[in-house]
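Visitor: Can you walk me through this one? I'd like to start with the helix packing.
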Amino acid sequence: MDKILLGHGSGGKLMYELIKKYIAPIFELPSLMDSAIVSLNHSGKIAITTDSYTVSPIFFPGGDIGDLAINGTVNDLAVVGAVPLYLTVGFILEEGFPLSDFEKILSSISSSAKKAGVKIVAGDTKVVDKGKGDGIFINTSGIGVIPEGVELSPLKIEMGDKILISGSIGNHGIAVMSERNGFTFEPPVLSDTRALNGLIDQIMKEFTPFVKVMRDPTRGGLATTLKELALESLKDILIYESAIPLHDTVKGACELLGLDPLYVANEGIFVAIVKADVAEKILQLMKSHPFGEESAIIGEVTGKGGKVLLKTFIGGTRIVDMLPGEQLPRIC
């Protein structure tokens, strides 16, 4: 058989063989139990997250639905200050989905998990009728531990704090959109999907008392993330258009398509609000890491209120709000 059959989700022999032959070996699962028993050896707080991935297309420049699922889950844990440890992975497969594509995705998941230093310990597989799905959807859950003394919160934001970003914006959204619509750009735009826990861990080990909050600006982009932080903290944030890292190809694609890069999705960068006195030191640490080479200080906290303001290239100022609708559906 070279395609997924309904029987692969029935709980019987076909499902057993699918898990035994394809899933368990690549994830190095010691058993086929529905639940995993793990040891945390930790007395502090535990972080738990869950997410679902329906990106279309499932393969795109720079990544696929598999590494996107792992990296997205790891990053959701990392930006709250947790050290990611264990993940579960659930698959919803459509009847007729090529087993060769499933193998590629499993390999991508396994490779990404190893790079991030996390272990997949349990999962689930379901199959739906042909035409009732879209190839493959993935659900993940993750668990991590929060080291002693780490407590990130928007409520810690103060006037004068600096806004840092770890890389250029808009790459993932443009990469997926170009593949979906058959557009080509030169040079090609690649998704920035990657696990950020290594970089974040370095920052937290040295600068924990000075980091107020972190977020990964995925759907809704940088603008929506900053607006959420402004509302949660009731502080005003000022960012500078000239300071925000943006590749020329992404900028050109956004201009061509009428998109604002501030609202385009990202999958491999994070925003940190930190104490002003150490912002430059944190920036230098970020720049020394392969995933932070394009890091920049892009703004500051300026007052009370909950607004986000953008100082434009030409010197004007405009209000930045949340994404009002869906700019690009099924982006992750």
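Guide: One term to begin with: a crossing is left-handed if the near helix is turned anticlockwise from the far one by less than a right angle, and right-handed if clockwise. The model is predicted, so local features need pLDDT of at least 70, side-chain atom pairs count only at pLDDT 80 or more, and totals for chains, interfaces and linings use all residues. Residues are numbered from 1 along each chain as its sequence is written, and side-chain values use heavy atoms, without hydrogens and water.

Visitor: Which hand does the crossing of α4 and α7 have?
Guide: The crossing of α4 and α7 is left-handed.

Visitor: Which residues make the contact?
Guide: On α4, Asn-171, Ile-174 and Met-177; on α7, Val-250, Ala-253, Cys-254 and Leu-257. Contact here means heavy atoms within 4.5 Å.

Visitor: What angle do α4 and α7 pack at, and how far apart are their axes?
Guide: Helix α4 (residues 171-181) and helix α7 (residues 248-257) pack at about 60°, with axes 10 Å apart. That makes α4 oblique to α7; under 35 degrees counts as roughly parallel, over 145 as roughly antiparallel, 65 to 115 as roughly perpendicular and the rest as oblique.

Visitor: Strands now. What does β7 pair with?
Guide: β7 (residues 162-165) pairs with β11 (residues 296-304), antiparallel, over four bridges. Pairing needs at least two DSSP bridges. Leu-164 has Ile-297 of β11 as its bridge partner.

Visitor: And how many bridges join β9 to β11?
Guide: Five, with β9 (residues 235-240) running antiparallel to β11. Leu-238 is bridged to Glu-300 in β11.

Visitor: Where does UniProt place the PurM-like C-terminal domain?
Guide: At residues 160-307, in an unreviewed entry.

Notes. Axes fitted to C-alpha atoms, helices over the stretch in contact; angles between N-to-C directions. Helix = DSSP H or I, 4+ residues; strand = E, 2+ residues; numbered from the N terminus. UniProt positions renumbered as here; feature names shortened; annotations may be inferred.
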